[in-house]
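Hi,

Here is the structure I said I'd pass on.

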Amino acid sequence: MYRVWDYVRQNDEVGKLRIQIAKLEARNQELTERLEELRSNFEPLSMPWRENGVFSQEVCFDKFKAKDQLLRNIRELVHPKHCKDINLLVIGKLGSGKSALVNTLFTVLRNNGQLANLAPPSSPYKESKTPMLHEIVLQNIPGTKTLRVYDCRGIMPDKKQNAVFTEDLKKVIDGNVMKDYEFDETCEIQENDDFYRNNPTISDKMHCVLFVVRADDLDEQKDVAAICSMQMYLFRKNIPSRMILSHVDKLDMCVYGDLTKLFVSRHVQKKVELAKMIFSLQDIQVLPVANYVKGTTQNIAQDILALQAIENIMNETISYVGNRI
Ligand SMILES: Nc1nc2c(ncn2[C@@H]2O[C@H](COP(=O)(O)OP(=O)(O)OP(=O)(O)O)[C@@H](O)[C@H]2O)c(=O)[nH]1
Ligand SMILES: [Mg+2]
């Protein structure tokens, strides 16, 4: 009898060991595949996935001159006479980098060397660090033009909470919600609310929506419903949108951390293609940006990426507003 139990126990131990070995083998397989992917990611593409003269290796552009040119192009853009105020709205999942993007846009347009921190970014992602509709003026030349960006609460992983929030976002887009409105998770803004605007003019509406998505956390299945529903709303109203791929600095570059290799990086290319596929976007709508989240001063590669994004966004937005007379 004693011997039988001994035998059973031994068999049990062998079974457990077998399971452990199988798990280790699966993990080993996973790591081997990741290593292969990493190796291939570090191999630069022979042709850039998107033409970008400033970072091109063959044409040795003076990056500082290119940056000045971008700044000049943006500053010289003429806002339509009937709507001198241009409004951009930033939407994205909790912790996707919305506030960091706003700070980055402000930093590169102010261009005094120091990083701005007007929209406080978050660290733990339990709840949004930006609970209200936060207005930041990026450019203001009185009488001529104003460029404003609106930062707001993040989209939650829970679908129920987003049902209310996405209705509020639609009203923000339509110009019904005033700045500093604190989003309520349980109930949409009501017409008798102090922050509700009844008859919005074209200057109160949003003219372009910037969806912020983490390049290092792009997943076909995960939490994309709220963004897709907002995309549909914009599509029906013909309002332009752009997708900002944040956190691109976390992807594998050919030389780790060298953003000038971004347009020949296979990993970035894969993520851009994935974003296009998940959200049905065209090339021109996907803009990679490495937000300013570390250090205290500007650097040329991050500046250029952000300025290229602003130039793209502004050209589209001004054309859209110009056509709405
Ligand atoms: N490396 C890197 N980190 C980033 C980037 N953008 C944002 N972060 C970091 O990501 C975290 C979230 O950024 P936030 O800008 O606060 O995100 P958010 O979307 O405003 O978050 P909520 O307002 O809470 O929804 C912060 O720790 C930032 O430092 C980026 O491009 N690269
Ligand atoms: Mg925020």
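Glu188 and Lys171 form a salt bridge, with 2.9 Å between the closest N and O atoms. By salt bridge I mean a side-chain nitrogen of Lys or Arg within 4 Å of a carboxyl oxygen of Asp or Glu. This one links distant parts of the chain, 17 residues apart: Glu188 is in the loop between α4 and β4, while Lys171 is in helix α4. Helices (H or I, at least four residues) and strands (E, at least two) are DSSP runs, numbered from the N terminus. Glu188 is partly exposed at 29% relative accessible area, whereas Lys171 comes out as buried at 19%. For those words I used under 20% relative accessible area for buried, over 50% for exposed and partly exposed in between (1.4 Å probe, protein chains only).

Before you read on, the ground rules: this is a predicted model, where local features need pLDDT of at least 70 and side-chain atom pairs count only at pLDDT 80 or more, while totals for chains, interfaces and linings use all residues. Residues are numbered from 1 along each chain as its sequence is written, chains are lettered from A and ligands numbered from 1 in the order in which they are written, and side-chain values use heavy atoms, with hydrogens and water left out.

Helix α4 has another pair for you. Glu167 makes a salt bridge with Lys170, at 3.1 Å between the closest N and O atoms. The two are three residues apart in α4 (residues 159-173), so about one helical turn separates them. Glu167 is partly exposed at 29%, and Lys170 is buried at 17%.

Then there's Asp217 with Lys93, whose side chains meet in a salt bridge of 3.6 Å, N to O. Asp217 sits in the loop between β4 (208-214) and α5 (225-237) and Lys93 in the loop between β1 (85-92) and α3 (98-110), so this pair ties together parts that are 124 residues apart in sequence. Lys93 is buried, at 18% relative accessible area; Asp217 is partly exposed, at 29%.

The search of the whole structure turned up 18 salt bridges. Among the residues involved, Arg34, Glu37, Asp252 and Lys270 are joined into one network by salt bridges that share partners.

Cheers
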